Structures are given as C-alpha cells and as structure tokens.
Amino acid sequence: MLSKKEFEKQQVEYEKNCLEELKGLNPQTLCIHAGQEPDLVTGAVNVPIYQSSTFKQYGKGMDNFFYTRLGNPTRHALEKSLAVLEHGKHAIVWSSGMSSITGVINLLNEGDECLSVQDLYGGTQVLFRDLMPKKGIKVKMMSFDDADKVVKEVTEKTKLIYMESATNPALSVPDVKAISEGAKAINKDVIVVVDNTFASPINFTPLDYGADIVVESITKYINGHTDVVMGLTVTKDDALFKRLYEISVNFGGTCSPFDCFLVLRGVKTLELRVREINKNALAVAKFLEKHEMVEKVMYPGLESSPYHEKASKQFKGYGGIVSFIMKGEIELVEKFLKSLKVFCLAVSLGGVESLAENPATMTHACVKKEVREELGIVDGLIRLSVGCKFEEDLINDLKNAFDSCKK
Ligand SMILES: *Cc1c(COP(=O)(O)O)cnc(C)c1O
C-alpha cells in the first residue's frame, strides 16, 4: 500500500501526463477523453459520483478536497474537461447559467460601467436592465453589429463588455476579435465576456478571439439531454480565475456531484451531437427560406444572412437555433405550433430533442413590449432548437404544420 504522500505524488504526475496526452487531439476525441481519465485508485473507466459533502483530512497540506462547496472530485473532472474544450485554463461550473452570469457581474463594483449587446437572453435582460442599475452599476446596451461603433463607446470607466456568440432569438453575431482588440487598445483593463451558449465550444472558442471569460449555460448543448440546469465560466487568466473562484465559493452557487456526473456523460457525445445538429439546422433553414408562409429566416449559416460572413470567419458550424417570422396573425402562429409533432412546443434549447417556441409569449414575455419591438421580437417570430432527430422527419413535420394552417 502506498503512503498518502507517495500516492499524491503519483496523482500529480498522472494528471500532468494526462494533459500532455491531450495535445493535438481532435475535439471529437477530447470530449470523451479530457478530464475523464480512468480513476487512479480503482481503475474505474467512468469518473465516479463522489456524493459526499465533506472529506476526511489526513494531514495539513496533503488534502485535495475539503468541503464540496469548495471542491469535489466529480466536479473537478468536469471542470478539467470543459477548460480543455473551451481552450482555456480554468473552468468553474455553477448551479445554473444565470448563476455563472451573476458570478461574472459580481466582479463589478458600484460606479462601474458595463457595455452590453442589447438583444440578450431573457434572464440576462432582466439582470442588466433592472437589477444591475439598482446596485449602482451603469449598463449601456446597444447593437454590436458594428464593431467600430462599440469600440467608440469604451471609456476608462468601462469595466466589462458583454456579448453573446449569437444573440437570442435574432441570431446577430458580433465580431469578437475586433471588439476585444479595439476595446483593449482604449482601456487595457476591460474584461471581455462572451456568452457562448448558442455556439458551444464545438462551434466557437471565444478565448481564441480575445475574450477574457466565456460563460455558458451548460443546461443547453454541453449537457444536451435536457435533464440538468448548470452554468460555466472559463478563463485563461490566473487572477480572474481566483476572483471568480472566490465569488463562486462564497456566493455559493454550487452544483451537485450527481449533476456533474450527468454532464460528464453528456459531454462525451457533444461533438457528435453538435455536428449532426449543425447539418439538420442548415437543412431546416434552407427549407423555411423557400416556404411561401415564411416572411424571413434568421440563421447565420444562410448566405442571405447579414451575419453570414462574420459567422463564417469565427464559427466552425452555425449551430442549431433557427428563428423565422411566419406570415399571418398570432392565431395562425399558435395553430402552427400546436400542429407540430416531431418538434415539441417548449422553451429551452440545445438538447437532442427538437423544440419550437414563440419568444413574444414565452422566453421573452418578461421583456417589456416596447423593448421587444425594438429588438425585432414580433408576435410572429418562432424559434426552433433543431436537435438530433432525422433531418427528413423534422422537415416533414414543419411542412405538415404549415399545411394544417392552410385549411
Ligand atoms: C439558457 C441561457 C442562459 C441561462 O442559463 P440557465 O442554465 O437557464 O440559467 C443564459 N444565456 C443563454 C444564451 C441561454 O440560452
């Protein structure tokens, strides 16, 4: 039997070798391999669920784990895996996507200013438009379509720039590199944050384009099976990681070891799922673009999209979210949504299922009507989350639902 000290020495060596082994591997391999090495003690090929809130302390300076809010081996494995996939150094998982965004916002203090893209995820809208101003943090919201215009707004007081890799539900795409570089030339201390939920690390790695922190709702593509709510932050910066870790531990948005296990299981097929989803979504967008009952399709993968060029420069794939405006009154839109059989009428996105929703009455109902209209969230807008079902079944389902509206 090895002494505890000898064992830990081996463990450190083992982890170092594991990281070394990852170099040059394709994301398809990394999803299955990174952070998910066989257990050194038992040889278990899957990372065990360490369902324990506290850990016996064998001796000062010798113990990796102490209390689960501060760290847990199952969570640690998941964080290692996601740090590698996002091309970062340090990952922290949080109890929800919103909890990870709140964590990032807690880097700011009263009097600080934040510059944000205007058409944000619904929950983030409420946080930025209503809650942050109450804490004395000024938020300026604008379109991020023109990088030069964004950079012009940066001042010495700007502490944080916040954007989404593709916005929700309009799917506008910012030029992350141009905005990061331009902003840092004016204020080198500004923290650039990208919510990468819509792209996932398979389609986009913002840390390679000048972002300092990636936040993500793991609930969506990373987990992919619609059974966990969890969030993520990843950074390459040691000091930023320290600050975020302190916030995460002390504000307390911890995730359960069991949920971490489920997400580790989901991550293994992330590349396969996203690859299939990219293909299905492009086919669905092309079908919708030609349909007589559709006024407009928003999908960066379409050549007709004003974001096609920018998206092609940054993304490896265009993702699974397709938004479109249906012609006709809201009653017709409701009839269409109720007629779908392969798509399920539900909010959320990023799972293997295929979902359809009406942002004006569902995900963005919490956003004031005037703001919604400003952002182009009209009543006839439908957002699809195209999943892993068979391409032809998805398209036939849409076709049949349109036909039922003609009767
Ligand atoms: C879902 C979502 C969030 C919030 O994540 P939760 O896990 O639901 O808290 C944040 N940003 C985007 C873009 C999302 O889609």
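**Ground rules.** I number residues from 1 along each chain as its sequence is written, and I use heavy atoms for side-chain values, leaving out hydrogens and water. As the model is predicted, local features need pLDDT of at least 70 and side-chain atom pairs count only at pLDDT 80 or more, while totals for chains, interfaces and linings use all residues.

**Entry 1: Ser81.** I looked up Ser81 and found it in helix α3, residues 73–85. Helices here are DSSP runs of H or I with at least four residues, strands are runs of E with at least two, and both are numbered from the N terminus. Is Ser81 buried or exposed? Ser81 is buried, at a relative accessible area of 0%. Buried means under 20% relative accessible area, exposed over 50%, and partly exposed in between (1.4 Å probe, protein chains only). I then listed the contacts of Ser81, leaving aside neighbours within four places in sequence: Ala34, Gly35, Leu264 and Val267. Contact means heavy atoms within 4.5 Å.

**Entry 2: Leu40.** Leu40 sits in the loop between α2 (27–33) and α3. Its relative accessibility is 32%, so Leu40 counts as partly exposed. I also checked Leu40 against Lys316, 276 residues apart along the chain: their C-alpha atoms are separated by 35 Å.

**Entry 3: cysteines.** I searched the whole structure for disulfides and found zero. A disulfide is a pair of cysteine sulfur atoms within 2.5 Å. For Cys260, the nearest cysteine sulfur is that of Cys255, 4.8 Å away. Cys260 is buried, with a relative accessible area of 0%. For Cys405, the nearest cysteine sulfur belongs to Cys344, 17 Å away. Cys405 is buried too, at 7%.

**Entry 4: α13 and α15.** I took helix α13 (residues 330–339) with helix α15 (residues 391–406) and found axes 8 Å apart at an angle of about 140°. Axes are lines fitted to C-alpha atoms, for helices over the stretch in contact, and angles run from 0 to 180 degrees between N-to-C directions. The pair is therefore oblique. Angles under 35 degrees count as roughly parallel, over 145 as roughly antiparallel, 65 to 115 as roughly perpendicular and the rest as oblique. Which residues of α13 and α15 make the contact? From α13 come Leu332, Lys335, Phe336 and Ser339; from α15 come Leu398, Ala401, Phe402, Ser404 and Cys405. I sorted them by class: six nonpolar, two polar and one charged. Ala, Val, Leu, Ile, Met, Phe, Trp, Tyr, Cys and Pro count as nonpolar, Asp, Glu, Lys and Arg as charged, and the others, Gly among them, as polar.

**Entry 5: α11 and α15.** Helix α11 (residues 270–290) packs on α15 at about 30°, with axes 9 Å apart. That makes α11 roughly parallel to α15. On the α11 side I noted Lys279, Asn280, Ala283, Val284, Phe287 and Leu288; on the α15 side, Glu391, Leu394, Ile395, Leu398, Lys399 and Phe402. This contact has eight nonpolar, one polar and three charged residues.

**Entry 6: α4 and α5.** I found that the axes of α4 (residues 97–105) and α5 (residues 122–134) come within 10 Å and cross at roughly 35°. Met98, Ile101, Thr102 and Ile105 of α4 meet Gly123, Thr124, Leu127, Phe128 and Met132 of α5. By class, I noted six nonpolar, three polar and no charged residues.

**Entry 7: α7.** In helix α7 (residues 176–186), I found Val176, Ile179, Ser180, Gly182 and Ala183 buried. The buried residues of α7 pack against α6 (147–152), β4 (158–164), β5 (191–195) and α12 (308–314).
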